[in-house]
Amino acid sequence: MADTSNGADTSHEPGDHTLQLDDGRTLGYRTIGLPQGPAVLVFHGTPGSRLSWDFLHDAAVELGVRVIAPDRPGIGSSDDQPNRGILDWPADMATLADHLHLDTFSVVGWSGGAPYALACAITLPERVTAVGIVSGISPLDREGAYEGMGRSERNALQLTHKAVWLAGPMYRGLRELIRFQPWMARRLIETSLPPRDRAEFEARGSAADALAYLREALRQGPRGVVIDYRLFTFPWGFELTQVGVPTHVFHGEDDRSIPPHHATEFATRIPGATLTIWAKGGHLAVVDHGIELLRAVTT
C-alpha cells in the first residue's frame, strides 16, 4: 500500500511514496510535476537514486507531465530483491502502474537505467508507449564496448564482474566519506569528471546538495549499486532488436563517462529508433534538455 496522510491516498501527489509489492518488498518512488497528465516512469543511473530526477520538475510542470521516479532494489527506499535480474524489473513497474491507475506510460532510462527501460518496453509492449534512452549504457558483450569509457565507470564494471567481493567495501567506504567528509567526496567526484560535467556538478550548490542522490543510493549499503553494475556486464536476457515501441536515443557529444558509440549501438539495432546528439554535451547534458526529453516521449 502507498504512504497515506490523514487516511487519504497521496500516491499521486508530488513527493516520496512507498508501495508494498506482492512478495512483501517495499518499492520506493518519487513523483514530480503534475498529479495528472501523461505519465513517464524514469529510471536512474548507477550509482543513482530517485533523487537524480529532481531537475525535471519545472519541465514536467510546464508540459503538464507526471514523472514517476522509482528506486531500484536495494537502493534508496526500495527493499533488496535477492537474485534479481534486469528482466525482473518490468513486473515491479507493472504493479506500480496498476497502483497508480496507469493503463499506459512511457519510460526513460538514464545511463545505467537504459537496460531497465528497454526491458519494460519488451516485456510490457501493450502498456509502454515510448522509450527514451539518455546517455545510456548499451550491451557490453560486443567488441569495443569499453572503448572510450570513463575510468571510474570501466573500473566499476570490471571490478563487479571479476571481483565482486571487493566492490562492496569500496562503495561502503564512499558512503562513509559522503557521511562524514562530504566536501572531500565532492572533490573526488569532481576531479573524476570531464570539464563539461564538472561545471554542471559544481552548480548543484553545497556538497550535501550535490551528493544527495548518491548518498541516497548507498543508504542501505552498497549491495544495490554493486548488483546493478554487475548485471550490466552479463547478457541482459533480451536483444535490442526485440524493442517494438518508438524509441528516442539522446547522448552528449562530449560524454566521457559512456561514450557516444553506445548511443549509435542503440540507434542502429533498435528498429526505427531516432538519435539525437547534443552538441558539446557531457554525461549530465540532459539536465539542460528536460523539456526536449519529456516532449519526445509524451507526444
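**Group meeting: a walk through the predicted model**

Okay, let's start with helix H5, residues 164–180: it has 17 residues and reaches 25 Å from first C-alpha to last, close to the 24 Å expected at 1.5 Å a residue. That expected span is 1.5 Å times one less than the number of residues. When I say helix, I mean a DSSP run of H or I with at least four residues, a strand is a run of E with at least two, and both are numbered from the N terminus.

Quick housekeeping. This is a predicted model, so local features need pLDDT of at least 70 and side-chain atom pairs count only at pLDDT 80 or more, while totals for chains, interfaces and linings use all residues. Residues are numbered from 1 along each chain as its sequence is written, and side-chain values use heavy atoms, with hydrogens and water left out.

Back to H5. The buried residues there are Ala 167, Gly 168, Tyr 171, Arg 175, Leu 177 and Ile 178. Buried means under 20% relative accessible area, exposed means over 50%, and partly exposed is in between, with a 1.4 Å probe and protein chains only. The cover over those residues includes helix H4 (151–162), helix H6 (182–192), helix H9 (212–217) and helix H10 (223–232). If you want a distance for scale, Trp 165 and Gly 24 are 141 residues apart in sequence and 28 Å apart in space, C-alpha to C-alpha.

Now H10, one of those covering helices. How many of its 10 residues are buried? It's 8, so to speak mostly covered. Those are Gly 224, Val 225, Val 226, Ile 227, Asp 228, Tyr 229, Leu 231 and Phe 232. Their cover includes H3, H4, H5 and H9.

In general, side chains of opposite charge can pair when their charged atoms come close. The model holds 18 salt bridges, each being a side-chain nitrogen of Lys or Arg within 4 Å of a carboxyl oxygen of Asp or Glu. Asp 228 pairs with Arg 72, the closest N and O atoms being 2.7 Å apart. Arg 72 lies in the loop between strand S6 (66–70) and helix H2 (89–99), and Asp 228 in H10, so the pair ties together parts that are 156 residues apart in sequence. Arg 72 is buried at 0% relative accessible area, and Asp 228 counts as buried at 0% as well.

There's also a network: salt bridges with shared partners join Asp 16, Arg 30, Arg 50, Asp 54, Asp 71, Glu 216 and Arg 219. One of the pairs in the model is Arg 30 with Asp 16, at 3.0 Å, N to O. Arg 30 is in strand S4 (residues 26–33) and Asp 16 in strand S3 (residues 15–20), 14 residues apart. Asp 16 is partly exposed, with a relative accessible area of 38%.

On to the greasy part. A nonpolar core here is a set of buried Ala, Val, Leu, Ile, Met, Phe, Trp, Tyr and Cys residues joined through side-chain atoms within 4.5 Å. The largest one has 69 residues, and Phe 43, Phe 105, Val 107, Leu 118, Val 128 and Val 131 touch the most other members. Helix H3 (residues 114–123) gives the most to this core, with 8 residues. What does Leu 118 touch, not counting residues up to four places away in sequence? That would be Val 131, Ile 133, Phe 238, Leu 240, Val 243, Phe 266 and Ile 270, where contact means heavy atoms within 4.5 Å. A second, separate core of 23 residues includes Ile 32, Leu 56, Val 67 and Val 108.

Last, some backbone details. Thr 46 and Pro 47 are joined by a cis peptide bond, with omega about -5°, and Pro 47 is in the loop between strand S5 (39–43) and helix H1 (57–63). Ser 111 has a positive phi, near 60°, in a residue other than glycine; Ser 111 is in the loop between strand S7 (105–110) and H3, and is buried at 10%. Ser 135 also has a positive phi, near 50°. Ser 135 lies in the loop between strand S8 (128–134) and H4 and counts as buried at 0% relative accessibility.
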